[in-house]
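The plan is to look up a few things and jot down what turns up.

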Amino acid sequence: MRLHAEVFDETEEAAEVAVMASAALSSPLNGVPVAAPRVVVGYALTKKKVKSFLQPKLLLLARKNGIIFVPIDESLPLSEQGPFDIILHKITSKEWQQVLEDYQEEHPEVTVLDPPNAIKHLNNRQSMLEEVADLNLSNFYGEVFTPRQLVITKDPSAIPTAVAMSGLTLPLVAKPLVVDGTSKAHELYLAYDEASLSMLDPPLVLQEFINHGGILFKVYIIGETIQVVRRFSLPDVNTYELLNNVGVYRLPRVSCAAASADNADLDPLIAELPPRPLLEKLGRELRGRLGLRLFNIDMIRELGTKDRYYIIDINYFPGFGKMPGYEHIFTDFLLGLAQSKYKRYLSGT
Ligand SMILES: Nc1ncnc2c1ncn2[C@@H]1O[C@H](COP(=O)(O)OP(=O)(O)O)[C@@H](O)[C@H]1O
Ligand SMILES: [Mg+2]
(Lines give C-alpha, C1' and ligand atoms only; values in the text may rest on other atoms or scores of the structure.)
(Ligands and ions follow the chains in the order given, each with its own letter.)
Protein backbone atom coordinates (compact mmCIF):
# COMPACT_ATOMS: atom_id res chain seq x y z
CA MET A 1 0.00 0.00 0.00
CA ARG A 2 2.81 2.39 0.79
CA LEU A 3 4.69 1.65 -2.39
CA HIS A 4 3.02 4.20 -4.64
CA ALA A 5 3.09 6.86 -2.00
CA GLU A 6 6.79 6.29 -1.43
CA VAL A 7 7.60 6.35 -5.11
CA PHE A 8 5.80 9.63 -5.53
CA ASP A 9 7.27 11.11 -2.37
CA GLU A 10 10.71 10.64 -3.83
CA THR A 11 9.86 12.23 -7.13
CA GLU A 12 7.73 14.94 -5.64
CA GLU A 13 10.48 17.39 -4.91
CA ALA A 14 11.95 17.13 -8.37
CA ALA A 15 8.54 17.54 -9.92
CA GLU A 16 7.84 20.60 -7.83
CA VAL A 17 11.09 22.19 -8.94
CA ALA A 18 10.25 21.41 -12.55
CA VAL A 19 6.86 23.03 -12.21
CA MET A 20 8.26 26.11 -10.56
CA ALA A 21 10.94 26.44 -13.23
CA SER A 22 8.41 26.40 -15.98
CA ALA A 23 6.02 29.25 -15.42
CA ALA A 24 4.37 28.49 -18.71
CA LEU A 25 3.41 25.00 -17.62
CA SER A 26 -0.18 25.11 -16.57
CA SER A 27 -1.81 22.03 -15.11
CA PRO A 28 -5.54 21.71 -14.47
CA LEU A 29 -4.67 21.67 -10.78
CA ASN A 30 -3.02 25.07 -10.76
CA GLY A 31 0.58 24.06 -10.93
CA VAL A 32 0.38 21.04 -8.66
CA PRO A 33 2.80 18.35 -9.79
CA VAL A 34 0.81 15.41 -11.00
CA ALA A 35 1.74 11.81 -11.60
CA ALA A 36 0.50 10.07 -14.72
CA PRO A 37 -2.83 8.57 -13.69
CA ARG A 38 -2.47 4.97 -12.65
CA VAL A 39 -5.69 4.45 -10.82
CA VAL A 40 -8.99 5.51 -12.35
CA VAL A 41 -11.84 5.80 -9.87
CA GLY A 42 -15.29 6.12 -11.39
CA TYR A 43 -17.88 7.60 -9.09
CA ALA A 44 -21.65 7.60 -9.06
CA LEU A 45 -22.56 9.88 -6.19
CA THR A 46 -25.25 12.45 -5.57
CA LYS A 47 -24.33 16.11 -6.10
CA LYS A 48 -24.36 16.62 -2.36
CA LYS A 49 -21.98 13.73 -1.82
CA VAL A 50 -19.66 14.92 -4.56
CA LYS A 51 -19.45 18.30 -2.86
CA SER A 52 -18.78 16.93 0.62
CA PHE A 53 -16.52 14.06 -0.37
CA LEU A 54 -14.56 15.14 -3.45
CA GLN A 55 -13.06 18.18 -1.78
CA PRO A 56 -10.10 19.87 -3.50
CA LYS A 57 -7.71 18.55 -0.82
CA LEU A 58 -8.64 14.95 -1.70
CA LEU A 59 -8.53 15.56 -5.45
CA LEU A 60 -5.10 17.17 -5.16
CA LEU A 61 -3.51 14.54 -2.97
CA ALA A 62 -5.00 11.73 -5.01
CA ARG A 63 -3.85 13.32 -8.24
CA LYS A 64 -0.34 13.70 -6.88
CA ASN A 65 -0.39 9.97 -6.28
CA GLY A 66 -1.69 9.07 -9.70
CA ILE A 67 -5.36 8.64 -8.84
CA ILE A 68 -8.04 10.38 -10.83
CA PHE A 69 -11.75 10.56 -10.17
CA VAL A 70 -14.06 10.33 -13.16
CA PRO A 71 -17.82 10.93 -12.93
CA ILE A 72 -20.05 8.12 -14.14
CA ASP A 73 -22.99 9.16 -16.29
CA GLU A 74 -25.83 6.95 -15.11
CA SER A 75 -27.84 7.64 -18.24
CA LEU A 76 -25.20 5.92 -20.38
CA PRO A 77 -24.24 2.23 -20.38
CA LEU A 78 -21.58 1.65 -17.74
CA SER A 79 -19.54 -0.67 -19.95
CA GLU A 80 -19.07 2.12 -22.45
CA GLN A 81 -17.49 4.30 -19.78
CA GLY A 82 -14.12 3.94 -18.14
CA PRO A 83 -12.12 1.74 -18.07
CA PHE A 84 -12.16 1.97 -14.30
CA ASP A 85 -10.02 0.34 -11.66
CA ILE A 86 -12.40 1.18 -8.87
CA ILE A 87 -16.02 2.30 -8.73
CA LEU A 88 -17.29 4.31 -5.81
CA HIS A 89 -21.01 4.63 -5.51
CA LYS A 90 -23.86 5.53 -3.23
CA ILE A 91 -27.00 5.49 -5.27
CA THR A 92 -29.76 3.36 -3.90
CA SER A 93 -32.14 2.81 -6.83
CA LYS A 94 -32.92 -0.78 -7.83
CA GLU A 95 -32.02 -0.01 -11.45
CA TRP A 96 -28.56 1.17 -10.44
CA GLN A 97 -28.01 -1.91 -8.28
CA GLN A 98 -28.82 -4.08 -11.28
CA VAL A 99 -26.51 -2.08 -13.55
CA LEU A 100 -23.66 -2.52 -11.09
CA GLU A 101 -24.27 -6.21 -10.55
CA ASP A 102 -24.30 -6.85 -14.31
CA TYR A 103 -21.19 -4.75 -14.73
CA GLN A 104 -19.35 -6.57 -11.95
CA GLU A 105 -20.11 -9.89 -13.58
CA GLU A 106 -18.78 -8.66 -16.87
CA HIS A 107 -15.79 -6.90 -15.26
CA PRO A 108 -14.64 -8.91 -12.26
CA GLU A 109 -11.32 -7.02 -12.42
CA VAL A 110 -13.00 -3.78 -11.30
CA THR A 111 -13.31 -3.18 -7.55
CA VAL A 112 -16.83 -2.03 -6.81
CA LEU A 113 -17.07 -0.21 -3.49
CA ASP A 114 -19.09 -1.76 -2.14
CA PRO A 115 -21.24 -4.62 -3.50
CA PRO A 116 -24.86 -3.42 -3.73
CA ASN A 117 -26.07 -6.59 -2.04
CA ALA A 118 -24.03 -5.88 1.04
CA ILE A 119 -25.06 -2.22 1.18
CA LYS A 120 -28.70 -3.30 1.16
CA HIS A 121 -28.38 -4.60 4.73
CA LEU A 122 -27.80 -1.07 5.94
CA ASN A 123 -30.94 0.28 4.31
CA ASN A 124 -33.11 -1.35 6.92
CA ARG A 125 -32.73 -0.63 10.63
CA GLN A 126 -33.53 -4.21 11.54
CA SER A 127 -31.05 -5.99 9.27
CA MET A 128 -28.48 -3.25 9.90
CA LEU A 129 -27.97 -4.27 13.51
CA GLU A 130 -28.37 -8.02 13.11
CA GLU A 131 -24.68 -8.66 12.57
CA VAL A 132 -23.81 -6.62 15.65
CA ALA A 133 -26.27 -8.57 17.75
CA ASP A 134 -24.47 -11.76 16.71
CA LEU A 135 -21.02 -10.45 17.62
CA ASN A 136 -19.50 -11.73 20.77
CA LEU A 137 -16.95 -9.23 21.91
CA SER A 138 -17.40 -9.66 25.61
CA ASN A 139 -14.21 -9.69 27.66
CA PHE A 140 -12.52 -7.75 24.92
CA TYR A 141 -11.95 -4.36 26.55
CA GLY A 142 -15.69 -3.92 26.76
CA GLU A 143 -19.01 -5.26 25.63
CA VAL A 144 -20.90 -4.19 22.55
CA PHE A 145 -24.67 -4.48 22.35
CA THR A 146 -27.53 -3.18 20.30
CA PRO A 147 -30.48 -1.60 22.10
CA ARG A 148 -33.45 -3.91 22.41
CA GLN A 149 -35.89 -3.08 19.68
CA LEU A 150 -39.21 -4.02 18.20
CA VAL A 151 -40.14 -3.83 14.54
CA ILE A 152 -43.63 -2.58 13.73
CA THR A 153 -44.70 -3.04 10.15
CA LYS A 154 -48.40 -2.19 10.30
CA ASP A 155 -51.40 -1.22 12.41
CA PRO A 156 -50.27 1.62 14.69
CA SER A 157 -53.22 0.99 17.02
CA ALA A 158 -51.63 -2.33 18.01
CA ILE A 159 -48.32 -0.72 19.03
CA PRO A 160 -49.08 -0.05 22.71
CA THR A 161 -50.00 -3.70 23.33
CA ALA A 162 -47.06 -4.97 21.29
CA VAL A 163 -44.70 -2.80 23.34
CA ALA A 164 -46.22 -3.84 26.64
CA MET A 165 -45.86 -7.50 25.65
CA SER A 166 -42.30 -7.09 24.43
CA GLY A 167 -41.09 -5.87 27.81
CA LEU A 168 -39.22 -2.93 26.27
CA THR A 169 -38.39 -0.19 28.77
CA LEU A 170 -39.53 3.39 28.17
CA PRO A 171 -38.58 5.88 26.86
CA LEU A 172 -38.35 4.55 23.31
CA VAL A 173 -36.86 6.04 20.17
CA ALA A 174 -39.05 5.50 17.11
CA LYS A 175 -37.12 5.35 13.84
CA PRO A 176 -38.39 4.72 10.30
CA LEU A 177 -37.58 1.12 9.40
CA VAL A 178 -36.21 1.88 5.96
CA VAL A 179 -33.26 4.21 5.40
CA ASP A 180 -33.65 5.25 1.79
CA GLY A 181 -31.64 8.43 1.54
CA THR A 182 -34.62 10.72 2.12
CA SER A 183 -34.67 13.10 5.09
CA LYS A 184 -37.92 11.47 6.21
CA ALA A 185 -35.96 8.31 6.98
CA HIS A 186 -34.18 10.27 9.71
CA GLU A 187 -37.29 11.69 11.39
CA LEU A 188 -36.97 10.23 14.84
CA TYR A 189 -39.35 10.49 17.78
CA LEU A 190 -38.92 9.98 21.48
CA ALA A 191 -41.90 8.36 23.18
CA TYR A 192 -42.43 8.68 26.93
CA ASP A 193 -45.49 6.47 27.17
CA GLU A 194 -46.90 3.42 25.38
CA ALA A 195 -50.30 4.86 24.47
CA SER A 196 -48.88 7.74 22.44
CA LEU A 197 -46.99 5.32 20.21
CA SER A 198 -50.19 4.67 18.25
CA MET A 199 -49.75 8.15 16.77
CA LEU A 200 -46.72 7.00 14.81
CA ASP A 201 -46.55 5.80 11.24
CA PRO A 202 -45.20 2.27 10.67
CA PRO A 203 -43.08 0.70 9.33
CA LEU A 204 -40.70 1.61 12.11
CA VAL A 205 -38.44 0.28 14.82
CA LEU A 206 -38.97 1.12 18.46
CA GLN A 207 -35.69 1.12 20.27
CA GLU A 208 -34.93 1.51 23.97
CA PHE A 209 -33.36 4.86 24.67
CA ILE A 210 -29.98 4.46 26.38
CA ASN A 211 -28.69 7.32 28.52
CA HIS A 212 -25.15 8.05 27.43
CA GLY A 213 -24.10 11.44 28.74
CA GLY A 214 -24.99 13.28 25.54
CA ILE A 215 -21.90 12.14 23.65
CA LEU A 216 -21.79 9.81 20.68
CA PHE A 217 -18.76 8.15 19.09
CA LYS A 218 -18.70 8.11 15.32
CA VAL A 219 -16.44 5.32 14.23
CA TYR A 220 -15.37 5.62 10.60
CA ILE A 221 -14.14 2.59 8.73
CA ILE A 222 -12.19 2.94 5.50
CA GLY A 223 -10.83 -0.45 4.58
CA GLU A 224 -8.56 -1.39 7.44
CA THR A 225 -8.34 2.09 8.90
CA ILE A 226 -10.50 3.14 11.81
CA GLN A 227 -11.00 6.69 13.04
CA VAL A 228 -13.20 7.77 15.89
CA VAL A 229 -14.57 11.21 16.70
CA ARG A 230 -16.86 12.53 19.41
CA ARG A 231 -20.12 14.21 18.53
CA PHE A 232 -22.79 15.83 20.63
CA SER A 233 -25.82 13.62 20.95
CA LEU A 234 -29.22 13.69 22.64
CA PRO A 235 -29.29 14.58 26.33
CA ASP A 236 -30.10 11.91 28.89
CA VAL A 237 -33.67 11.36 30.02
CA ASN A 238 -34.06 11.26 33.79
CA THR A 239 -36.72 9.49 35.81
CA TYR A 240 -38.49 12.76 36.60
CA GLU A 241 -38.88 13.58 32.91
CA LEU A 242 -40.02 10.07 32.18
CA LEU A 243 -42.71 10.15 34.86
CA ASN A 244 -43.90 13.64 34.08
CA ASN A 245 -44.05 13.54 30.30
CA VAL A 246 -46.48 11.94 27.93
CA GLY A 247 -46.52 11.94 24.17
CA VAL A 248 -44.08 11.55 21.31
CA TYR A 249 -41.57 14.27 20.56
CA ARG A 250 -39.81 14.83 17.31
CA LEU A 251 -36.06 14.62 17.88
CA PRO A 252 -33.65 17.11 16.36
CA ARG A 253 -31.13 15.66 13.89
CA VAL A 254 -28.23 15.95 16.28
CA SER A 255 -25.91 13.50 14.59
CA CYS A 256 -26.07 15.47 11.36
CA ALA A 257 -24.93 18.72 12.87
CA ALA A 258 -21.28 19.35 12.16
CA ALA A 259 -20.66 20.19 15.83
CA SER A 260 -17.75 18.08 16.89
CA ALA A 261 -17.41 17.52 20.61
CA ASP A 262 -13.72 16.79 20.33
CA ASN A 263 -12.63 20.06 21.89
CA ALA A 264 -15.50 20.52 24.29
CA ASP A 265 -14.97 20.68 28.02
CA LEU A 266 -16.48 17.34 29.00
CA ASP A 267 -16.53 15.04 31.98
CA PRO A 268 -13.52 12.82 31.25
CA LEU A 269 -15.50 9.67 32.02
CA ILE A 270 -18.01 10.60 29.35
CA ALA A 271 -15.48 11.94 26.88
CA GLU A 272 -13.09 9.00 27.03
CA LEU A 273 -12.93 7.34 23.63
CA PRO A 274 -13.70 3.63 23.39
CA PRO A 275 -10.51 1.55 23.71
CA ARG A 276 -8.56 1.12 20.45
CA PRO A 277 -8.38 -2.69 20.64
CA LEU A 278 -12.17 -2.85 20.98
CA LEU A 279 -12.64 -0.60 17.97
CA GLU A 280 -10.09 -2.53 15.93
CA LYS A 281 -11.78 -5.81 16.69
CA LEU A 282 -15.24 -4.38 16.06
CA GLY A 283 -14.16 -2.84 12.76
CA ARG A 284 -12.55 -6.06 11.60
CA GLU A 285 -15.52 -8.20 12.56
CA LEU A 286 -18.11 -5.92 11.02
CA ARG A 287 -16.11 -5.38 7.85
CA GLY A 288 -16.06 -9.12 7.35
CA ARG A 289 -19.63 -9.81 8.35
CA LEU A 290 -21.16 -6.93 6.45
CA GLY A 291 -18.87 -7.35 3.44
CA LEU A 292 -18.32 -3.59 3.38
CA ARG A 293 -15.24 -1.41 3.38
CA LEU A 294 -16.71 2.08 3.65
CA PHE A 295 -19.05 2.75 6.52
CA ASN A 296 -19.42 4.25 9.95
CA ILE A 297 -20.92 3.20 13.22
CA ASP A 298 -22.77 5.36 15.74
CA MET A 299 -21.77 4.08 19.13
CA ILE A 300 -22.67 5.22 22.63
CA ARG A 301 -21.44 4.22 26.08
CA GLU A 302 -24.13 3.62 28.66
CA LEU A 303 -24.08 6.34 31.29
CA GLY A 304 -22.47 5.25 34.52
CA THR A 305 -20.58 2.35 32.94
CA LYS A 306 -17.01 2.13 31.79
CA ASP A 307 -17.35 -0.48 29.11
CA ARG A 308 -20.95 -1.10 28.03
CA TYR A 309 -21.27 0.11 24.47
CA TYR A 310 -24.29 0.17 22.20
CA ILE A 311 -24.28 0.44 18.45
CA ILE A 312 -27.35 2.37 17.37
CA ASP A 313 -26.75 3.05 13.70
CA ILE A 314 -24.53 1.98 10.80
CA ASN A 315 -24.27 4.05 7.62
CA TYR A 316 -22.83 3.23 4.25
CA PHE A 317 -20.37 5.77 2.77
CA PRO A 318 -21.05 8.43 5.39
CA GLY A 319 -19.76 12.00 5.39
CA PHE A 320 -16.07 11.10 5.33
CA GLY A 321 -15.30 14.70 4.38
CA LYS A 322 -15.88 15.71 8.01
CA MET A 323 -13.26 13.29 9.23
CA PRO A 324 -9.92 14.96 10.01
CA GLY A 325 -7.24 13.86 7.52
CA TYR A 326 -9.66 11.83 5.42
CA GLU A 327 -7.83 12.76 2.23
CA HIS A 328 -4.70 10.90 3.38
CA ILE A 329 -6.59 7.87 4.60
CA PHE A 330 -8.63 7.67 1.43
CA THR A 331 -5.69 8.12 -0.89
CA ASP A 332 -3.77 5.37 0.90
CA PHE A 333 -6.82 3.14 0.82
CA LEU A 334 -7.28 3.55 -2.94
CA LEU A 335 -3.58 3.00 -3.58
CA GLY A 336 -3.72 -0.13 -1.45
CA LEU A 337 -6.64 -1.50 -3.43
CA ALA A 338 -4.91 -0.78 -6.72
CA GLN A 339 -1.74 -2.40 -5.50
CA SER A 340 -3.37 -5.58 -4.28
CA LYS A 341 -5.17 -5.82 -7.61
CA TYR A 342 -1.84 -5.49 -9.38
CA LYS A 343 -0.32 -8.21 -7.19
CA ARG A 344 -3.24 -10.50 -7.98
CA TYR A 345 -2.71 -9.79 -11.66
CA LEU A 346 0.99 -10.66 -11.43
CA SER A 347 0.31 -13.87 -9.59
CA GLY A 348 -2.41 -14.76 -12.09
CA THR A 349 -5.20 -15.23 -9.52
N1 LIG B 1 -31.29 3.95 21.32
C2 LIG B 1 -30.82 5.19 21.47
N3 LIG B 1 -30.46 5.65 22.70
C4 LIG B 1 -30.00 6.91 22.84
N5 LIG B 1 -29.86 7.79 21.85
C6 LIG B 1 -30.20 7.39 20.61
C7 LIG B 1 -30.70 6.07 20.35
N8 LIG B 1 -30.96 5.96 19.05
C9 LIG B 1 -30.64 7.14 18.50
N10 LIG B 1 -30.18 8.01 19.42
C11 LIG B 1 -29.76 9.40 19.17
O12 LIG B 1 -30.40 9.85 17.99
C13 LIG B 1 -29.45 10.10 16.96
C14 LIG B 1 -29.98 9.64 15.62
O15 LIG B 1 -30.24 8.26 15.65
P16 LIG B 1 -29.70 7.28 14.52
O17 LIG B 1 -30.20 5.91 14.83
O18 LIG B 1 -28.24 7.47 14.39
O19 LIG B 1 -30.49 7.79 13.25
P20 LIG B 1 -30.02 8.53 11.92
O21 LIG B 1 -30.23 7.53 10.86
O22 LIG B 1 -30.93 9.69 11.78
O23 LIG B 1 -28.59 8.94 12.06
C24 LIG B 1 -28.22 9.36 17.39
O25 LIG B 1 -27.07 9.93 16.83
C26 LIG B 1 -28.28 9.51 18.89
O27 LIG B 1 -27.87 10.83 19.26
MG1 LIG C 1 -26.88 8.08 12.88
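Burial first: I call a residue buried if 20 or more other C-beta atoms lie within 10 Å of its own, exposed if 12 or fewer, and partly exposed in between, with C-beta atoms placed from the backbone. Helices (H or I, at least four residues) and strands (E, at least two) are DSSP runs, numbered from the N terminus.

Ground rules: this is a predicted model, so I take local features only at pLDDT of at least 70 and side-chain atom pairs only at pLDDT 80 or more, while totals for chains, interfaces and linings use all residues. Residues are numbered from 1 along each chain as its sequence is written, and chains are lettered from A and ligands numbered from 1 in the order in which they are written.

**Overview.** I get 11 helices and 14 strands. Of the 349 residues, 29% count as buried.

**Helix H6.** I looked up residues 127–134 and found Met-128, Leu-129 and Val-132 buried. They sit on the same side of H6, because they cover an arc of only 65 degrees around the axis (taken from the directions from the helix axis to the C-beta atoms). Ser-127, Ala-133 and Asp-134 are exposed, on the face turned away from the buried side. What do the buried residues of H6 pack against? Strand E5 (143–145) and strand E14 (308–316); contact here has C-beta atoms, placed from the backbone, within 7 Å.

**Cores.** A nonpolar core is a set of buried Ala, Val, Leu, Ile, Met, Phe, Trp, Tyr and Cys residues joined through C-beta atoms within 7 Å. The largest one has 64 residues, and Val-41, Ile-86, Leu-206, Met-299, Ile-311 and Leu-334 touch the most other members. Strand E10 (residues 215–222) gives the most to this core, 7 residues. Domain 1 (2–113) and domain 2 (122–321) both contribute, so the core lies between them; the bounds come from an automatic or database domain assignment. I also found another core lying apart from this one, with 5 residues, including Ala-44, Leu-78, Val-99 and Leu-100.

Next I checked Met-299: leaving out residues up to four places away in sequence, it touches Phe-217, Val-219, Pro-274, Tyr-309, Tyr-310 and Ile-311.

**Annotated site.** An unreviewed UniProt entry places a "binding site" at Asp-298 and Asp-313. Though spread over 16 residues of sequence, they cluster in space, with a largest C-alpha distance of 5.0 Å. I note that positions are in the numbering used here, feature names are shortened, and annotations may be inferred rather than shown by experiment. Asp-298 is in strand E13 (residues 294–301) and is partly exposed, because it has 18 C-beta neighbours inside 10 Å. Asp-313 is in strand E14 and, with 22 such neighbours, counts as buried.

E10 and strand E11 (residues 225–232) pair antiparallel over 8 bridges (pairing needs at least two DSSP bridges). Tyr-220 has Gln-227 in E11 as its bridge partner. There are 2 residues between the strands, and Gly-223 takes a positive phi near 60 degrees.

Most residues other than glycine have a negative phi, and most peptide bonds are trans. I logged these exceptions:

- The bond from Leu-113 to Asp-114 is cis, omega near -15 degrees.
- The bond from Leu-170 to Pro-171 is cis, omega near -5 degrees.
- Asp-155 has phi near 50 degrees and is exposed, with 10 other C-beta atoms within 10 Å.
- Phe-317 has phi near 40 degrees but is buried, with 21 C-beta neighbours inside 10 Å.

Technical notes:
Two residues are in contact if their C-beta atoms, placed from the backbone, lie within 7 Å.
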